[in-house]
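Take a look at the sequence and the structure below.

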Amino acid sequence: MSVLLRTRVTSIGPEVADLAKGGVVILFADGSPPELAEVSVLHKTELGPSDGAPQKGASITLGPVSAVITAVGSSAWSKVLEMGHVVISFNGATEAERPGEICASQVDAQALVAALKTDAIITIAA
């Protein structure tokens, strides 16, 4: 399995848990504007991101929580490359509703909230 992105959580915004309960996680690289940091999981990349975007069927893990990517929006990976930003929706959708979104299989919301903590590792692999 080839790692497309491995990143470490550096900070969790105060509104992240509410979004995660609804199956949505917003990633932003360290240094994002404060108003975005409130709803974001800030992170520092350790490996990648790769030039090529993940495809349907790739895996995504947030700490102990694993899911399968089901759709990738048209500009999602370019946003990851440019500014470390992406919206991950754990909704199982086969088509992304927004261009900057990656959709993944549904996960237990409480497990997702619990997994989102400082120093957690997020990995996307194909």
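Contact here means heavy atoms within 4.5 Å. This is a predicted model, where local features need pLDDT of at least 70, side-chain atom pairs count only at pLDDT 80 or more, and totals for chains, interfaces and linings use all residues. Residues are numbered from 1 along each chain as its sequence is written, and side-chain values use heavy atoms, leaving out hydrogens and water.

Start with the overall fold. Eight strands close into a barrel, in the order β1-β3-β2-β6-β7-β5-β4-β8, with mixed pairing. From one strand to the next, the twist averages 35 degrees. Strands are DSSP runs (E, at least two residues), numbered from the N terminus. Two of them pair if DSSP finds at least two bridges between them. Strands of a sheet pair through backbone hydrogen bonds, either parallel or antiparallel. Strands β4 (residues 59-62) and β8 (residues 121-125) run antiparallel, joined by four bridges. Here Ser59 stands opposite Ala125.

Now find Ser89 in strand β6 (residues 86-89). Is Ser89 buried or exposed? Ser89 counts as buried because its relative accessibility is 3%; buried means under 20% relative accessible area, exposed over 50%, partly exposed in between (1.4 Å probe, protein chains only). Not counting residues up to four places away in sequence, Ser89 touches Gly23, Val24, Arg98, Glu101, Ile102, Cys103 and Ala104.

Move on to His43, in strand β3 (residues 41-47). His43 is buried too, with a relative accessible area of 3%. Its contacts beyond four places in sequence include Thr7, Leu27 and Gly84. The side chains of His43 and Thr7 make a polar contact at 2.6 Å. Such a contact is a pair of N or O atoms within 3.5 Å; within protein, one must be able to donate a hydrogen and the other to accept it, and residues adjacent in sequence count only if both atoms are side-chain atoms.

Terms used
Axes fitted to C-alpha atoms, helices over the stretch in contact; angles between N-to-C directions.
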